[in-house]
Amino acid sequence: MIRLRGVLSGKKWRGLALGWAAWGFACTGPAPGFGAVEARAVFPTTTPAGSPRGSVVVSVVGLNDLHGRLEALPVMAGYVERLKQVRQTEGGGVLFVDAGDMLQGTLESNLNEGRAIIATYNMMGLDAATLGNHEFDFGPAGDAAGPDVDPQGAIRERIGEAGFPLLSANLVERATRRRGAFENLFASALVDVAGVAIGLVGVLTAETPQIVMPAFFKGLDVAPLAPAITREARWLRERGARAVVVVAHAGAVCESWDDPDDVSSCRRAEIFDVVRELEPGLVDLVVAGHTHAVVAHRVNGVAIVEARSHGEAFSRADLRFDARAGVQVRIFPPEPLCPRTSSEPCHPHDYEGGSVVSHDDVRLAIEPALTEAAVRREALLGVEARREVAPALKHESALGNLFTDLMLDAVPGADVALTNGGGLRAALPQGPLRYRHLFEAIPFDNYLSVVELTGEELERVLSGHLASERHGIVSVSGLYVVARCKRVASGASELDVALHRKSGARVKHGERLVLVTSNYLATGGDGVFDPIGLEPSRIRETPRLVRDALESGLKARKVIDGKSLGLFDPKHPRLILPSARPVTCTNRTAE
């Protein structure tokens, strides 16, 4: 066993029999124990840490941003099983991890607040996972309400049910800047794979406080990633880890991955910046996530892999341990797993010279969750989409305009509605709409909120948003937004935002407006209301889910059309901008 300074506290790993009889999940045997004295998990090893054993290959397989897609897991289990068979014939092994955002996003997971995902991962033998920002989306457990309710109750329950270490080295208490907010949440883990000691570190994207429902992230914060990784990686190396793997809910977006050393096509590369801060040789591999993109690259000597989202593919990198050559890392491109469209089934293919078979035990285990969701999922809304109603992240869209129109209708007397582009996740397809289409388009359980503010305040909100490139563009209903570059007394040019009613009349600065939005935005999400410092006392949260309001509004319309100029007219947009976001007036001719 790896001997660590007082780390083994005697706490036993929670088994799989955690009240899951109703779901059909069975305990397949005891799980190993670990301790929490220093918020690190430790597993027994079969050989002394760091001892040479010739050449050993450990395949690291990762999922990221699964977002509750249970249907992908039986096939994923088949791929893991096939790869284990190959590695075991050579004396090697497989390390299976998840890089966060695993729980939220489908009815079959949301209806049980992620319990089904955790239980299925327990059955599959997941080795470790890190928390993603969407792990906090469920807020309090169940229907709990009131001032004394734990705002992170649901995720605390899921952590307690996990038969694998959940990791987050940089999630801290806001007041103390210290870790330890959650019991059984670990900064790092030292595991044994095929007799090789491997260190694991989990980290969470730095933008989490800006994109999580503020009420559900109360009392928490995120510390810088690189120092947290450095601290844990050194600790693990000192105790014999022959390799360190970071499981990071932070990633990049790359257009090409043919050459691992060519990162010229990559952008939004938070994890690249983090890795560049690390001392060479400290970390061998990062299994990344959060950006829903493909990464198969090497930065600062560290291999980084990421494989899209929603079980579309899985990532892989092989660690070859050699007594003479040390650790060598081979990067693989993402392996297709399931089609992106949830209506298309997952089909396993041959892999590593043999056939992959969907895992029957896992398939049977997830059936109760799928069955519970099926009735709600397939219910017809009584609405016909004559043509697809599509979203867009960077510019005005028919879907965003439709949803804000319906939000405005849901609150009689409201003047304007506002929603965030990042919350629009799928198009409403052509044809009869079912509840699943609406759920996939807006899977977040946010509530309608009402805010009173002045025209001048809303202009400041929109001016700050349009000048930023962060997050998706907002959608607006009830008013038209006209932004232009205006010359000021100093001769400089600055962004000027004006609000106009449908009649053409400009909204005066002191005019009072009733705005309807989601509680996610109203309470600080995406930083939209940061320019005016919206106080909680000004927010009136309704008991109605945004999705429920949209469902009622769609049923009242009966027919929608994504090409209708009433939803989006490119010649007469609701957002009249001098350029795409971020709108900057530097070196731009002022009007």
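Tutor: Begin with a term: a pocket is an open set of grid points, on a 1 Å grid, with protein on both sides within 12 Å along at least five of seven lines. Keep in mind that this is a predicted model.

Student: How much space lies in the second largest pocket?

Tutor: The volume is the space filled by probe spheres set on the grid points. For the second largest pocket this comes to about 1,300 Å³.

Student: Which element gives the most to the lining of the second largest pocket?

Tutor: The lining has 40 residues, and P140, F216, Y447, N519 and E541 are the closest to the centre. By class, 22 are nonpolar, 7 polar and 11 charged. Elements that each supply at least two lining residues include α2 (107-110), α10 (435-441) and α13 (546-557). With 3 residues, the most comes from β28.

Student: Which residues touch the most other members of the largest nonpolar core?

Tutor: In soluble globular proteins, nonpolar side chains tend to be buried together. Here the largest nonpolar core has 50 residues, and those that touch the most other members are Y121 and F136.

Student: Which element supplies the largest share of this core?

Tutor: Among the elements that each supply at least two residues of the core are β2 (56-63), β3 (93-98), α3 (115-124) and α8. The largest share is 7 residues, and it comes from α1.

Student: Is G251 buried or exposed?

Tutor: G251 sits in the loop between β11 (243-249) and β12 (253-254). Beyond its neighbours within four places in sequence, its contacts include R268, I271, H290 and E306. Buried means under 20% relative accessible area. The value for G251 is 1%, so G251 counts as buried.

Student: How far apart in space are D360 and G78, C-alpha to C-alpha?

Tutor: D360 lies in helix α8 (residues 360-378) and is partly exposed, with a relative accessible area of 45%. In sequence, D360 and G78 are 282 residues apart. Their C-alpha to C-alpha distance is 9.1 Å.

Student: Over which residues is the pLDDT below 50?

Tutor: The mean pLDDT of the chain is 88, and 90% of its residues reach 70 or more. One stretch with pLDDT below 50 has 81 contacts in the model beyond near neighbours in sequence, and it covers residues 1-38. Another such stretch has 18 contacts of this kind, and it covers residues 44-52.

Definitions and conventions: Residues numbered from 1 in each chain as written. Predicted model: local features only at pLDDT ≥ 70, side-chain atom pairs only at ≥ 80, totals over all residues. Heavy atoms only, no water. Helix = DSSP H or I, 4+ residues; strand = E, 2+ residues; numbered from the N terminus. Buried < 20%, exposed > 50% of the residue type's maximum accessible area, 1.4 Å probe, protein only. Core = buried A, V, L, I, M, F, W, Y, C linked by side-chain atoms within 4.5 Å. pLDDT = per-residue confidence, 0-100. Contact = heavy atoms within 4.5 Å. 1 Å grid on protein atoms, 1.4 Å probe; cavity = no way out; pocket = protein on both sides within 12 Å on 5 of 7 lines; lining within 4 Å. Nonpolar A, V, L, I, M, F, W, Y, C, P; charged D, E, K, R; others polar.
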